[in-house]
Amino acid sequence: FHAEQAAVLLLASIMKRSNNVSSSRRKSRKAHFSAPSSVRRKLMSAPLSKELRQKYNVRSMPVRKDDEVTVTRGHHKGQQVGKVISVYRRRWVIHIERIQRDKANGATVNVGIHPSKVEITKLKLDKDRKNILERKNRSRLADKGKGKIREEEVQAMETA
């Protein structure tokens, strides 16, 4: 072992909390790229716009077919709002209306964009989606005493 590798191993062992979870890069990548569709749905989440975040107190949601999104990164960044045509879980991309390119033979194809590079501006709401928003609502979780621990709370615990 080199000194650097030993330091990295030591750091990894300190940072790791649970013994039943691996911190191996190889295993993490294998789990990610061989994930089933049900798991990919959650991994293919996109952040909500500032207005929606304010309204629902939720930071991100899994992308869905009729959501409206804007692209925030890459070549298509900042173009008008588009509706999600399809969520292509096998390829880890979503297709958005009007974001297309021309092929050499003249055909137009949709450009795949990763959901983390878009921002949801309008949600397609149904009862399941409303339940998810209700469950993820941060202010409701704060009332239950869950979520981020603030400095005052830590000091109060120490003095008690």
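Guide: The discussion below takes up these features one at a time. Please note that this is a predicted model.

Visitor: How many salt bridges does the structure hold?

Guide: Side chains of opposite charge can pair when their charged atoms come close. The structure holds four salt bridges. One of them joins Asp-67 and Arg-129, whose closest N and O atoms are 2.9 Å apart. This pair links distant parts of the chain, 62 residues apart: Asp-67 is in the loop between β2 and β3, and Arg-129 is in helix α5.

Visitor: Is Asp-67 buried or exposed? I would ask likewise of Arg-129: buried or exposed?

Guide: Buried means under 20% relative accessible area. Asp-67 has 0% relative accessibility and therefore counts as buried. Arg-129, with a relative accessible area of 4%, is buried.

Visitor: Which residue forms a salt bridge with Lys-127?

Guide: That residue is Asp-128, with the closest N and O atoms 3.9 Å apart. Here Lys-127 is exposed, at a relative accessible area of 63%, while Asp-128 is partly exposed, at 45%.

Visitor: How many bridges join β5 to strand β6?

Guide: Five bridges join these strands, which run antiparallel. Within the pairing, Ile-94 stands opposite Ile-113 of β6. The hairpin has five residues between the strands, and Gly-106 takes a positive phi near 95° in it.

Visitor: Which polar atom pair involves the side chain of Ser-45?

Guide: A polar atom of that side chain lies 2.7 Å from the backbone oxygen of Lys-42. Ser-45 is found in strand β1. Beyond its neighbours within four places in sequence, Ser-45 is in contact with residues including Met-61, Pro-62 and Pro-115.

Visitor: Finally, which residues make the nonpolar surface patch?

Guide: Ile-149, Val-154 and Met-157 make this patch of about 290 Å². Met-157 is placed in helix α7 and is exposed, with a relative accessible area of 56%.

Notes. Residues numbered from 1 in each chain as written. Predicted model: local features only at pLDDT ≥ 70, side-chain atom pairs only at ≥ 80, totals over all residues. Heavy atoms only, no water. Patch = residues over 30% accessible without salt bridge, like charges linked within 9 Å, V, L, I, M, F, W, Y side chains within 5 Å. Areas by Shrake-Rupley, 256 points an atom, 1.4 Å probe, with all protein chains shown as cover. Salt bridge = Lys/Arg side-chain N within 4 Å of Asp/Glu carboxyl O. Helix = DSSP H or I, 4+ residues; strand = E, 2+ residues; numbered from the N terminus. Buried < 20%, exposed > 50% of the residue type's maximum accessible area, 1.4 Å probe, protein only. Polar contact = N/O pair within 3.5 Å; in protein donor to acceptor, adjacent residues only side chain to side chain. Contact = heavy atoms within 4.5 Å. Pairing = 2+ DSSP bridges.
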